[in-house]
Amino acid sequence: MLLRRIVLRETVCLRQLAEGNHSQEIRFGRFLNNSAVSVEEIIAGWSQETRSAVEGRHVLALQDTSEIKFATTPDSRRELGKIKKGNCFGLLLHPMLALDADTGSCLGLVGGRVWTRGSEELTPHAERPLNEKESRRWVETAEAAKLVLSRAARVTAIADREGDFFIMWARLPDRRFDLLSRVMHDHALIDGSKLRRAVETVAFCDTQTIDLRERADRPARQATVCLRFGEATIRRPQNLREVSLPDGVRLSWVEIVEPAAPDGVEPLHWLLLTTHWLSSPADAWQIVAWYKQRWMIEQFFRVMKNQGFKIEDSQLHLAARLEKLVAIAAKAAAIVLQLVQARSGGDHQPASLTFTAAEIDTLAALESRFKGTTKLQSNPHSKASLAWAAWIIAKLGGWNGYASAKPPGPITFFNGLKYFRAVADGWALRDMYMP
């Protein structure tokens, strides 16, 4: 019930989620404070629907970390650890999100971690084994994903630069589980050279104009980029403590460079490593296209924060309760992403993935308000499908429905869900109080 209300009420405020029922608010609070309910158990429930949704698909498994800042005072740190630079305290959220590699559709959460840092002094990073480092989250999340995604035809796990370290490349890949990451380290190679120097010796072989999605630090734009690709064997780091890993790992690399960016814009430059074998420029462009899908996990974090649940505004006092709330809100954010994407009708998911039977009846009643005089202005999707429900929610949120209009995004859906929640409550009261 708590998860569903977070989705439909676009808030994590327990008072609002309780809908004016004080005893319900107390029950929600007790649930989050219950030591028998662990964050790990909540996270285990993230993948309940995902396991079947990925069956037979090539899955892009995106993972990344977001720092979630909460307001604190010198006298009340809320048992939170330090994050970011400066005097900031909060939690860290590291989810893995599954997408269909062909359509880009969000298939749900796979797994991950929620935690807060301690205050103890740590041994220098290079002197600690992996199981004592925060970076173990990349390996552990990917290893756990293999079981959750076992029904997928193939998996490509995608990470940004933090996920580029030797243990990932050496331990995780298998015949149906590939890796793709942007390069952070100028890896030493088996032949004694360095990765970036080896890349520079290869000529560019193709040019394309690609679309770049809007991000928090830049608007959407197009970039004309040059591409080159090749192979290299990265060498095991000399100070690596983990035994039983090979001396080197053979990987493919892809580099794209924007030679003439617009004035005032930082040129695009990606150097990517992958375990996929590449034989042509078309293969290399496919790697670029898959890496571009990493944008979806950034959208997920925006839904969690400023464009959705505003999780950082929560007034829950202690870290243990905040960790559970963040874990529940993460599942809700994935559902909202599915609703945003469902409007196009690309994946045929049922509305029951998000809505109860009574709420689906309410949606059917609301649909009559938006039936246009032409086919183009009517709901084009099968009744009781998630796409059908998303069309109605988007209209409630202010979307005009024209093909020329910008597709509805998270804010439009949040506005529509908020309106729908009020209507659904009134519709339920009809059955309770009408004679």
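Which residues in α11 meet Leu386, Ala387 and Ala390 in α13? They are Gln338, Leu339 and Ala342, where meeting means heavy atoms within 4.5 Å. By class, this contact of α11 with α13 has five nonpolar, one polar and no charged residues (Ala, Val, Leu, Ile, Met, Phe, Trp, Tyr, Cys and Pro count as nonpolar, Asp, Glu, Lys and Arg as charged, and the others, Gly among them, as polar).

A word on what you're looking at: this is a predicted model, where local features need pLDDT of at least 70, side-chain atom pairs count only at pLDDT 80 or more, and totals for chains, interfaces and linings use all residues. Residues are numbered from 1 along each chain as its sequence is written, and side-chain values use heavy atoms, with hydrogens and water left out.

Back to the helices. The axes of α11 (residues 319–342) and α13 (residues 386–396) come within 8 Å and cross at roughly 85°, so the two are roughly perpendicular (65 to 115 degrees).

Now turn to α12 (residues 357–367), which packs against α13 at about 60°, with the axes 10 Å apart. That pair is therefore oblique, meaning neither roughly perpendicular nor under 35 degrees (roughly parallel) nor over 145 (roughly antiparallel). On the α12 side you'll find Ile360, Leu363, Ala364, Leu366 and Glu367, and they meet Trp388, Ala389, Ile392, Ile393 and Leu396 in α13. Here the classes come to nine nonpolar, no polar and one charged residues.

Zooming out, the chain has 14 helices and 11 strands (DSSP runs, H or I of at least four residues for helices, E of at least two for strands). Of its 435 residues, 51% count as buried, that is, under 20% relative accessible area with a 1.4 Å probe, protein chains only.

Terms used
Axes fitted to C-alpha atoms, helices over the stretch in contact; angles between N-to-C directions. Buried < 20%, exposed > 50% of the residue type's maximum accessible area, 1.4 Å probe, protein only.
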